[in-house]
Amino acid sequence: MKEINNHIEELLVKFLSGEATAEEIMTLKKWASVSSENETTLAQYKTIWEAASNLSAKPETDEDAAWKRMQALLPDTEMSSTRRIYRYPWLQAAAIIILVISVSFLGYYRLFKIRGNKTPVVAQAPKTSISDTSLTFIVSGDQRKTDTLPDQSIVELNTHSTLTYADTLSVASHRFVELQGSAFFKVKHNVSRPFTVKAGRLLITVLGTSFYVKMPADTVEVSVETGIVAVTDEKNSVLLKAGESAILAGKGDLAYLSNGRDNGQHKTIGSLTGNVGKKYQKEPAFDINQHPDLIRQLMQDPQKWASLLKNYSPGGNDIEFCRRIINNVLDDLENQGIIQRDNVRDFKLDGDAFIINGTRQPQDIFVAFKNKYIKEQGYVICLGDYKKTGKGVFLLRKDL
Amino acid sequence: MVESHDNNLISLIVSGDKVAFEGLFKAHFKRLHAYAFGLIGDESTAEEMVQLVFIRLWERRQYLKIHTSFKSFIYRSVHNESINFLKSRRIRTNHQNQMAGALTQSLYVESPLAKMELAELTKNLRQAISELPEQCGLIFCLSRFEDLKYREIADQLGISIKTVEAQMTKAMKILKKKLVA
């Protein structure tokens with residue numbers, strides 16, 4: 001009996017897929033006519049078969065547009081897959097500013113000022129005459145608050161949380177918001193406008209998806225409900241998909257959890273980094289104003305902000321950059337009749353002194369050079385065999 | 001012919017050629033998207049499944065070794081990615097419950113009553129398909145979503161027609177059992 005059933009099932013499927021022979025179809029017809037039960041079975045098979053065929057029927061999506069959307073998620077071509085690590089702790093701070101720049105160049109002062117302040121009570125920051133961009137705050141008190149953002153994304157703020165965004169959100173080519181507290185986001189899917197949430201030290205970038213961000217005390221936690229989310233701290237970038245989470249605790253490293261949210265049984269797959277994290281807290285904030293070349297690059301190509309930032313190095317490992325700076329200093333020294341450039345064996349310029357060939361320069365020369373070249377506190381420009389400390393330009397004579 | 005074109009593209013991709021990668025993506029996107037949509041039933045999630053597979057392919061391009069045909073490889077990847085997604089979605093996340101509020105309700109608009117039956121069948125069918133054994137599910141989906149003949153599925157996966165037939169029978173048997181209570 002079971003043997004026959006198996007045979008019939010095989011025939012049913014063959015028939016439905018159009019692979020049955022005329023003889024087999026006859027056999028099947030005969031079988032179906034034996035009882036109403038058999039007839040029903042045939043009908044059920046047919047229904048399931050057709051329903052399954054219709055599952056994939058849908059309007060076709062344009063592959064060019066799809067490619068553009070995906071490109072935004074691809075790691076840089078130039079960078080090998082193992083180098084998805086941010087070298088510079090302050091990059092994350094830079095990103096905030098850049099994102100606002102891409103909205104309104106003048107507007108970024110305002111966002112920058114607001115960062116780190118206590119939750120504002122005002123619903124909207126007053127407009128100023130110099131900028132057409134103003135910031136909106138969504139603030140939740142003792143109750144959760146749900147709101148639709150200008151781009152139609154939906155945010156549900158947990159209690160005592162704040163979301164800040166520029167009013168240009170609906171038109172910006174890169175949507176950017178900043179969160180303090182916890183929130184669930186359902187981001188409006190958009191063809192070419194990534195959506196980034198800044199939460200503590202993390203930047204969370206999505207295309208159109210829903211996810212949850214929680215920031216109890218010193219920890220930032222991101223859980224993805226649907227879609228893909230790129231989570232970036234100052235050093236790392238990790239792609240999360242549905243069911244996955246990432247946690248950044250205190251000053252520690254970004255940890256990645258897979259399907260980690262049920263029963264509290266988080267399984268940490270791995271921390272992705274070394275221990276550069278602590279350094280970040282001591283670093284002064286990156287002030288993009290001091291890096292006109294970066295601003296220029298960003299203005300030219302705001303879409304590429306992420307890779308520009310990743311690759312930008314104000315006197316780190318970029319030897320061309322170091323050479324340019326050192327040569328500028330040497331040219332200035334020569335032009336001002338202080339010393340011939342070929343006579344400079346080594347020099348060190350920082351916020352405290354200007355020492356050439358071991359000789360401390362007079363105050364007026366030092367101040368002039370300091371004002372011109374020292375971009376921020378702790379920045380050092382060295383030629384010669386100086387120990388590399390902190391941020392700045394370090395170049396050996398032979399590399400000049 | 002198509003297959004050898006794919007293989008040419010892949011050797012270029014291994015050496016880091018992004019244009020070749022773009023070509024490969026664009027050549028397969030529509031079909032793969034439709035395939036993932038068949039399993040998941042949501043366009044943007046389906047697109048993300050395809051994205052994930054291609055992103056991974058790009059990230060691991062140096063180690064790329066495809067023993068079977070590229071088509072077989074890529075469909076299998078999208079299939080597994082989608083199934084994994086559906087599984088993880090099924091495991092209801094805690095935070096959703098935490099956030100159970102007006103929003104959650106507004107996000108999931110209920111289907112109109114008239115469409116209930118078909119919608120219900122579609123939903124249950126997707127669920128049932130996603131629970132099919134791996135190879136069985138892949139073969140079934142290639143047949144139904146891609147409208148491939150047994151012969152074509154067999155060629156693509158490098159298996160016999162008899163196996164395809166057996167797996168299709170098995171798939172339908174399981175589906176009927178689950179759907180017709």
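Predicted model: local features only at pLDDT ≥ 70, side-chain atom pairs only at ≥ 80, totals over all residues.

Me: What makes strand β1 of chain A and β4(A) a pair?
Reply: Two strands pair if DSSP finds at least two bridges between them, and strand β1 (residues 135-139) of chain A is joined to β4(A) in the antiparallel sense over five bridges. The strands themselves, like the helices, are DSSP runs numbered from the N terminus (helices H or I, at least four residues; strands E, at least two). β4(A) also pairs with strand β5 (residues 175-180) of chain A, again antiparallel, over four bridges, and there A:Thr164 stands opposite A:Glu178.

Me: Why is β4 of chain A called mostly covered?
Reply: Buried means under 20% relative accessible area, exposed over 50%, and partly exposed in between (1.4 Å probe, protein chains only); in strand β4 (residues 162-166) of chain A, five of the five residues are buried. A:Thr162, A:Thr164 and A:Ala166 point one way, A:Leu163 and A:Tyr165 the other way, and all are buried.

Me: How do you know that A:Lys372 and A:Asp332 form a salt bridge?
Reply: A salt bridge is a side-chain nitrogen of Lys or Arg within 4 Å of a carboxyl oxygen of Asp or Glu, and the closest N and O atoms of A:Lys372 and A:Asp332 are 2.8 Å apart, so the pair meets the rule. The two residues, 40 apart, link distant parts of the chain, with A:Lys372 in helix α11 (residues 363-373) and A:Asp332 in helix α10 (residues 319-335), both of chain A. A:Lys372 is exposed at 53% relative accessible area, while A:Asp332 is buried at 13%.

Me: What makes the salt bridge between A:Glu63 and B:Lys30 one that joins two chains?
Reply: The closest N and O atoms of A:Glu63 and B:Lys30 are 3.3 Å apart. A:Glu63 belongs to helix α4 (residues 63-71) of chain A and B:Lys30 to helix α2 (residues 18-40) of chain B, so the pair joins two chains. B:Lys30, with 30% relative accessibility, counts as partly exposed. By this rule there are 19 salt bridges over all chains.

Me: Why are B:Cys136 and B:Cys141 said to be in no disulfide?
Reply: A disulfide is a pair of cysteine sulfur atoms within 2.5 Å. The nearest cysteine sulfur to B:Cys141 is in turn that of B:Cys136, and a search of the whole structure finds zero disulfides over all chains. B:Cys136 is buried, with a relative accessible area of 1%, and B:Cys141 counts as buried at 0%.

How values were computed
Residues numbered from 1 in each chain as written. Chains lettered and ligands numbered in written order. Heavy atoms only, no water.
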